[in-house]
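Thanks for coming, everyone. I'll walk through one structure today, a few residues and then the ligand. Have a look at it first.

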Amino acid sequence: MISTAILEDLRRIVGAEHVRTDADTVRENSTDATKRFHPADVIVFVDNAAQVSDIVRLSNREAIPVVSRGGGVGYAGGAIPIAGGIVISLRRMNRILEISPVDLLVVLEPGVITDDLHQAVEAKGLFYPPDPASLKQSSIGGNVAHNAGGPRAFKYGVTRQYLLGLDVVLPTGELIRTGGRVVKNAVGYDLTDLMCGSEGTLGIITKLTMRLLPKPETVFTVMGLFRSVRSAAEAANQLIVAGIIPSKLELVDRQSLAAIRSYLKDENIETSVPLPASANALLLVEVDGGRVAALASLDRVRESLSRSALDVQEAGDGTELWAIRRYLSPAVGRIRPNKINEDIVVPRSRVPDYLEAMETLQAECGLPIVCFGHVGDGNMHVNVMIDAANASELENGERAKRRVFELAVEMGGTISGEHGIGIMKSEFLTLALQPEAIAAMKRIKAALDPNNIMNPGKIFPCT
Ligand SMILES: Cc1cc2nc3c(=O)[nH]c(=O)nc-3n(C[C@H](O)[C@H](O)[C@H](O)COP(=O)(O)OP(=O)(O)OC[C@H]3O[C@@H](n4cnc5c(N)ncnc54)[C@H](O)[C@@H]3O)c2cc1C
């Protein structure tokens, strides 16, 4: 419980109107997309780095947990203040400070919503590729904290590849600058990279410098329908072997397709996208670039997919196809009331085996397992569908979840491609990392955060 004196200190730092302890604000800012909840003692809406630094110094001195929060749509429980304390909301720090077409970079604050960044740079003919599906709610600070990816990661890489420099408040309160405006930098340890993916446990990002690209001139989309998930995954790999690098390469499995079909029917949604019952998997492929080059890639994709697909359809800029992809979430949500939603990664060559293993696991555990996602990266979203109110189904689902992770690791992969660890996967960390590697990470955490005040209990259980 935070004392009245500390609340007074917080009011002095950010202004009384930005320090909130009312139940609605606390509820809203103490959860995330996992829907789990643990109340913070107080929510503080900061406006600048100096305020963040003052609050963190106070937290460190008084040993009060402090949790940074961006859009609050993480899937790992990272922004949930499981030890109570102070939540620092960065949503007021949402200014884009500079867009430089010469240095090809943008300087911005962490609370900028990902989609706002996209629109701002695209208005100037520039391009920020990372495109998490949550982009209308997620913040750029949260994206860096989880090293977010998205469908375009296959060609363009994840958030880390666009990070040039950060301003960060360390857990002891110092404001440091890492990296900078330069694209090459070989000076000292790479603290920018260390902060990326650290889930708000090593520092609070207060400013970012991100790399940009010129915006591709055009985009074309193709859809391939396949008899089996293996043939779809193998067709995706054939594209790569043929030297084609699509800007997006997404797979939708049999269960997902069935869910979409019945959703479209029940909701009376008309679409020109054919989804025949004979198709058990779908590949969505997008190519981009200059018009001539993109058209040439389109031809090669069509030709490559045609070798094994039941049907190949062009879809212009893909508006209708991507709409179908967006129906996936509500459609799958109707299979069972709850889902255990994971985002494993395996080497791309093992995706066909992994997807087949999920079909076997589904038969073994008797629960629907729905797979879709970024097949080009080997990053699949695996959803074990359950009714959490049914104790045996919940237990069965938890056992299946462990197998989902074990199989990924056995095939040379790992337990998260983009959602991070937070509280949701910390108990499985030892499946993915050696004890010595975990110990080294904990030493880094202890060196930077000697009082363990910054987002305690995340990534590592019991820290
Ligand atoms: C429908 C849906 C679709 C999604 N699709 C994708 C996807 O395609 N790809 C993907 O990668 N993820 C996806 N996600 C997961 C999620 O949206 C991302 O992890 C996103 O990056 C979270 O951003 P946020 O601003 O909401 O972070 P929050 O949930 O607010 O916080 C997440 C973590 O970041 C830390 N953090 C936040 N701001 C800062 C800061 N300024 N400094 C330091 N640490 C900070 C928090 O402490 C916490 O640990 C999806 C989520 C949903 C609900």
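F226 sits in strand β12, which runs over residues 218-226. This is a predicted model, so keep that in mind throughout. Is F226 buried or exposed? Its relative accessible area is 0%, so F226 counts as buried. What does F226 touch, once neighbours within four places in sequence are set aside? The list includes S231, A232 and A235. It also includes S278, A279, N280, A281 and L283. Then come L305, S308, A309 and L310. Take N280 from that list. In sequence, F226 and N280 are 54 residues apart. In space, their C-alpha atoms are 6.0 Å apart.

Next residue: L284. You will find L284 in strand β14, residues 281-289. Its relative accessibility is 1%, under the 20% cut-off, so L284 is buried too. Which residues does L284 touch, not counting those up to four places away in sequence? On one stretch of the chain, V222 and M223. On another, K248, L249 and E250. And finally L321, W322 and R325. L284 and Q313 are 29 residues apart along the chain, and their C-alpha atoms are separated by 9.9 Å.

Now a charged residue, K425. K425 is in a loop, the one between α13 (391-410) and α14 (429-432). Buried or exposed? K425 has a relative accessible area of 4%, so this lysine is buried. What does its side chain make a polar contact with? The partner is the side chain of E342, at 3.4 Å. E342 is also on the contact list of K425, which leaves out neighbours within four places in sequence.

On to the cysteines. How many disulfides does the structure hold? The count is 0. Take C365. A disulfide needs the two sulfurs within 2.5 Å. C365 is buried, at 12% relative accessibility. C196 is buried as well, at 4%.

Last topic, the ligand. There are 33 residues around the ligand. Which come nearest? They are S68, G71, V73, S134 and S139. By type, the shell divides into 12 nonpolar, 18 polar and 3 charged residues.

Let me go through some polar pairs. A polar backbone atom of A133 is 2.9 Å from an oxygen atom of the ligand. E418 uses its side chain: a polar atom there lies 3.2 Å from a ligand nitrogen. N455 also uses its side chain, with an N or O atom 3.4 Å from an oxygen atom of the ligand.

Which elements give two or more residues to the shell? They are β3 (66-69), α5 (140-146) and β10 (204-211). The largest share comes from α5, with 5 residues.

That's the tour. Questions, please.

Terms used: Residues numbered from 1 in each chain as written. Predicted model: local features only at pLDDT ≥ 70, side-chain atom pairs only at ≥ 80, totals over all residues. Heavy atoms only, no water. Near = heavy atom within 4 Å. Polar contact = N/O pair within 3.5 Å; in protein donor to acceptor, adjacent residues only side chain to side chain. Helix = DSSP H or I, 4+ residues; strand = E, 2+ residues; numbered from the N terminus. Buried < 20%, exposed > 50% of the residue type's maximum accessible area, 1.4 Å probe, protein only. Contact = heavy atoms within 4.5 Å.
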